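This report describes a single chain, working from its sequence and a predicted model. Both are shown here.

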Amino acid sequence: MSAGAFVDRLLPDAFAGTLERRHGWQMAVYVALSVASALAGSLAAVLLVPLVSLGTSGVESGFDLRRGVDVQAAAFFAAALALAGLRWWSSLLAARLTGDYGADLRRRVHGHLIHAPLAALADATSAEIANVLTYNIEIMMQGFSGLLQLWVAGLTCAISLAFAFWISPPLLLAVPLLAALGVLVSRSRGQEQARVSRKYVADLTRLFWLSEDFPRRLRHIRSFGREGVEQAAYAEVTRELARGYEHQQDMLASGRLWLELLAALGIAAMFVFAHRLQGEGQAALIAVSLLLGRLLPYLVSTRQSFRQLRSAAPAFELWRRYAGLAGDAVAAGPPAGFPAGATLRIERVRSAVALHGDEVRDVVLAPGELTLIAGDSGAGKSSLADVMAGLIEPAEFAARIGDRVLDFAAYRRYARHAAFVSQHVRPWQATVRECLRWADPLASEERMYEVLAAVGLDRRLRASEQGLDIALRDRSSQLSGGELQRLLLAQVLLRKPFLAILDESTGALDAAAEIDVLAMLKRQLPGTMLLVISHRDGVKVLADRCVVVGASSPLAVIPA
């Protein structure tokens, strides 16, 4: 039987499909270490039997005391030392295994989400997706950790209790000593533990920031072709979280190591002292206390481990819902370059998700021109924009580039060179510099200030001591809603797409500022088709044509 098949038999059904092949081997090693540590602990207890039964023959216990008490005490300490070392090793392996397990869960579900069809996320809330990517996986990791702890507790109790039949009746003399040592060890490295915990919470908050508002942000990511960058940034945070989790568990394992070393040394010393000064009667108390002291922590943690497993069951169900999303083959495929200077004619398009499903005909999109989509709220303007961005399948679609006929699959490959900016998305990068470099990794600082000047943000940033490194997450230096929209439009200037779709992306500006910014885009992007959604009538003065949709308005394409 392979290691993976052996481990699968030990796993509850909730864990099926969540573990990689390498996890099976690591868990098999963990089980072996747990068995070895249980045997070492039981051996340490058995080594005390002749010491507490000096008047009996060595045949009953299988050990002989003819070499002296000091040698027997040293043998006991060696066995206890082996026990502590094995448990420390298994704890480190458990921490690494759990951290790696959590990182894999995050990478897998994020990989499915980043390539999922947008329609598959239509009924998902941003909060639920953010939860799937962050706290939900923490609960799954707690359940996995609880499972590992239950394995250790079960193996240790079974083996130790089997050996306990050789030991004297249980007494609890060693419990106060072990409790005192536990308090001493628990208070050590307190400041470091607090620092690591704060760092872990900060990384988890950063991960939530990267995961927030995912469906709307996905439009922006795909239109800029930055899926790989997002996955790399996400992987970096998950690695930090894995290291933080491992560090926390390392400190816990190290504390337990010191506790067991001190306890073993103290018990051995107490036995020698009691034997030499007070007689053999005190030795029985020490021997049984060692066995009970080993089992007590496991017995106490068993209830918590079962609670962690029960709490994790819904988390596994939620994770599977999103980890089972099929990828969008077109979105993941290579983009196609749009012919320079060509005009796109949309002969017919109708959204499949709009409430009214109005059909739009004969829309011409030309470089350097602005097409305005107007109409009532809820009429399907944003749905039409999603179709034009290649993000959702339309009910009907027909288009041409010159004499070439395009179906929607062909158009979508061109649309991957477009840029989509929605009113709902906001920059999620840490600073203005990171935000602009996300759009164009090769942009120089001079080029960044050029596009910031074009959107009217350069003075604001030059007046700040941080400049381009001004924080976007710090409330004391956070840009206003209108300034954040200007920053996203600066990304469009860096990208220079063949098609820019602006879905209410200037809605946070006043009417005059909106006209100024849109006019600037027409000047700065002479090779870009501008498709703008706005409720303001004033934008019509800039439009080369206007598409009006809505139940209360006649459907029309109005040329300039």
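Which residue follows H10, and what is its phi? H10 is followed by Gly225, which has a positive phi near 65°.

## Overall make-up

The model is predicted. The chain contains 20 helices and 10 strands. Of its 560 residues, 51% count as buried. When contacts between residues at least 6 apart in sequence are considered, 79% join residues at least 24 apart.

The UniProt record, an unreviewed entry, places the feature "transmembrane region" at residues 28-51, 71-89, 147-167, 173-190 and 257-277. One of these spans, residues 71-89, is 100% helix and 0% strand. The C-alpha atoms at the ends of residues 71-89 are 27 Å apart.

## Nonpolar cores

The largest nonpolar core has 138 residues, and Tyr322, Leu344, Val432 and Leu452 touch the most other members. This core draws at least three residues from each of domain 1 (3-186 + 254-324) and domain 2 (344-559). Another core, of five residues, lies apart from it; Ala44, Leu47, Phe76 and Ala80 are among its members.

Leaving out residues up to four places away in sequence, Leu452 touches Val432, Leu436, Leu457, Asp458, Leu461, Leu468, Leu487 and Ala490. Val432 and Leu436 also belong to the buried residues of H16, and Leu487 and Ala490 are among the H19 residues in contact with H16.

H10 covers residues 214-223, and nine of its 10 residues are buried, so the helix is largely enclosed by the rest of the structure. The buried residues of H10 are Phe214, Pro215, Arg217, Leu218, Arg219, His220, Ile221, Arg222 and Ser223.

H16 (residues 432-439) is mostly covered, with six of its eight residues buried. Those residues are Val432, Arg433, Cys435, Leu436, Trp438 and Ala439. H16 packs against H19 at an angle of about 35°, and the two axes are 8 Å apart. The crossing of H16 and H19 is right-handed. On the H16 side the contact is made by Val432, Cys435, Leu436, Trp438 and Ala439, and on the H19 side by Leu487, Ala490, Gln491 and Leu494.

## The loop between H19 and S7

Lys496 sits in the loop that joins helix H19 (481-495) to strand S7 (499-503). Lys496 is not a glycine, yet its phi is positive, about 50°. Is Lys496 buried or exposed? With a relative accessible area of 56%, Lys496 is exposed.

Phe498 is found in the loop between H19 and S7. Phe498 counts as buried, because its relative accessibility is 10% and the cut-off for burial is under 20%. Leaving aside neighbours within four places in sequence, Phe498 is in contact with Phe338, Tyr414, Ala415, His417, Ala418, Gly527, Thr528 and Met529.

Glu504 lies in the loop between S7 and helix H20 (511-524). Glu504 has a positive phi of about 55° and is not a glycine. Glu504 is buried, at a relative accessible area of 10%, whereas Lys496 is exposed.

Ser534 has its place in the loop between strand S8 (529-533) and strand S9 (545-549). At 3% relative accessibility, Ser534 is buried. What does Ser534 touch, not counting residues up to four places away in sequence? Ser534 touches Leu372, Ile373, Ala374, Glu504, Glu514 and Val539. Ser534 and Glu514 are 20 residues apart along the chain, and their C-alpha atoms are separated by 9.8 Å.

## Pro117

Pro117 is placed in the loop between helix H5 (69-114) and helix H6 (126-133). Its relative accessible area is 27%, so Pro117 is partly exposed. Along the chain, Pro117 and Ile392 are 275 residues apart, while their C-alpha atoms are separated by 7.4 Å.

Terms used:
Residues are numbered from 1 along each chain as its sequence is written. This is a predicted model: local features need pLDDT of at least 70, side-chain atom pairs count only at pLDDT 80 or more; totals for chains, interfaces and linings use all residues. Side-chain values use heavy atoms; hydrogens and water are left out. UniProt positions are given in the numbering used here, feature names are shortened, and annotations may be inferred rather than shown by experiment. Helices (H or I, at least four residues) and strands (E, at least two) are DSSP runs, numbered from the N terminus. A nonpolar core is a set of buried Ala, Val, Leu, Ile, Met, Phe, Trp, Tyr and Cys residues joined through side-chain atoms within 4.5 Å. Buried means under 20% relative accessible area, exposed over 50%, partly exposed in between (1.4 Å probe, protein chains only). Domain bounds come from an automatic or database domain assignment. Contact means heavy atoms within 4.5 Å. Axes are lines fitted to C-alpha atoms, for helices over the stretch in contact, and angles run from 0 to 180 degrees between N-to-C directions. A crossing is left-handed if the near helix is turned anticlockwise from the far one by less than a right angle, and right-handed if clockwise.
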